[in-house]
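Thanks for coming, everyone. Let me put the structure up, and then we will walk through it together.

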Amino acid sequence: MLGAHWLMLFGAILASWVVLYAMAIPAELRNASRLFGAEFWVALCTVTPDLAGYGRVALMWLLMCTAMMLPTALPAFAAYDDIGQTGAKTEFPHLATGFIAVWAGFSLLAAGLQMALFQFDLVSGFGDSRSVWLSMLLLAIAGGYQFSTLKEACLSKCRAPVTFYMQHWDEGASRMGLRLGATCLGCCWALMLLAFVGGVMSLAFMGLATLIMTLEKLPEIGRWLSRPLGYALLGGAGWMATTGL
């Protein structure tokens, strides 16, 4: 039977996906829902930078990070639960909060980047790239980062969470959560920025990226995935460079 801390974690993931789904509903359907007294949800789900402003765009990124990153860290959370056993249950929220705090910081930066790109007309109101060169640059950065020593170092920690916890157990759950979040950020920041290529509000991109990042952190699967993924991303950048698409 799942403990309360796991129910809260899965609840946060589910709630984030539900709100993101609502945000992805076409504008005409959101407008139609006004007939049924849904002004609050219409306002919440309006996330284009020109209408929503920085705060709501940052909230959207935080929801994305919660929905996409928490599933990738489930094996690490489970390992913490196993090691700490009974005592870990009371500290589990501190671990998860530290993890999310790191991604909250990333959300603030990503929202600022989206606002800046929007001002220069490099992305649409919904975060889709309007520039072949921007898309090519982001694909090249993400592809090249797949082969970096920093990416490999971060992945090695994510793939061996028990070793990670043993190294930092004395620091407490909150600091370990921050470390785990920073390690996860080191693994995934470049892939997350591909949202500007695949569409910031695209549920298809979010679902595919979540699956890829989750598999990449699994030791038996991820080691066969990272380098081919890097070649694929670099190939996509090269294809854009030669075709102009």
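Start with Arg 130. It is exposed, at a relative accessible area of 54%. Exposed means over 50% relative accessible area, buried means under 20%, and partly exposed lies in between, using a 1.4 Å probe and protein chains only. Arg 130 has a partner: its side chain meets that of Asp 121 in a salt bridge, 3.3 Å from N to O. Asp 121 is partly exposed, at 49%.

What counts as a salt bridge here? A side-chain nitrogen of Lys or Arg must lie within 4 Å of a carboxyl oxygen of Asp or Glu. In general, side chains of opposite charge can pair when their charged atoms come close. How many salt bridges does this rule give? The count is 3.

A word on what you are looking at. This is a predicted model, where local features need pLDDT of at least 70, side-chain atom pairs count only at pLDDT 80 or more, and totals for chains, interfaces and linings use all residues. Residues are numbered from 1 along each chain as its sequence is written, and side-chain values use heavy atoms, with hydrogens and water left out.

Next pair. Lys 151 forms a salt bridge with Glu 216, with the closest N and O atoms 3.1 Å apart. This one links distant parts of the chain: Lys 151 sits in helix 9 (residues 149–158), Glu 216 in helix 13 (residues 203–216), and 65 residues separate them. Helices here are DSSP runs of H or I, at least four residues, numbered from the N terminus. Are these two partners buried or exposed? Lys 151 is buried, at 0% relative accessibility. Glu 216 is buried too, at 1%.

Another pair: Glu 171 and Arg 179. Their side chains meet in a salt bridge, 2.7 Å from N to O. Glu 171 is partly exposed at 26%. Arg 179 is partly exposed at 34%.

Now Thr 66. You will find it in helix 5 (residues 54–72). Thr 66 counts as buried because its relative accessibility is 11%. What does Thr 66 touch, leaving aside neighbours within four places in sequence? It is in contact (heavy atoms within 4.5 Å) with Ala 12, Ile 13, Ser 16, Pro 71 and Ile 100.

Last, confidence. pLDDT is the predictor's confidence in each residue, from 0 to 100. The protein averages 87, and 84% of the residues score at least 70. Over residues 29–37 the pLDDT is below 50, and this stretch has 9 contacts in the model beyond near neighbours in sequence. Where pLDDT is low, the predicted coordinates should not be read in detail.

How values were computed:
Helices (H or I, at least four residues) and strands (E, at least two) are DSSP runs, numbered from the N terminus.
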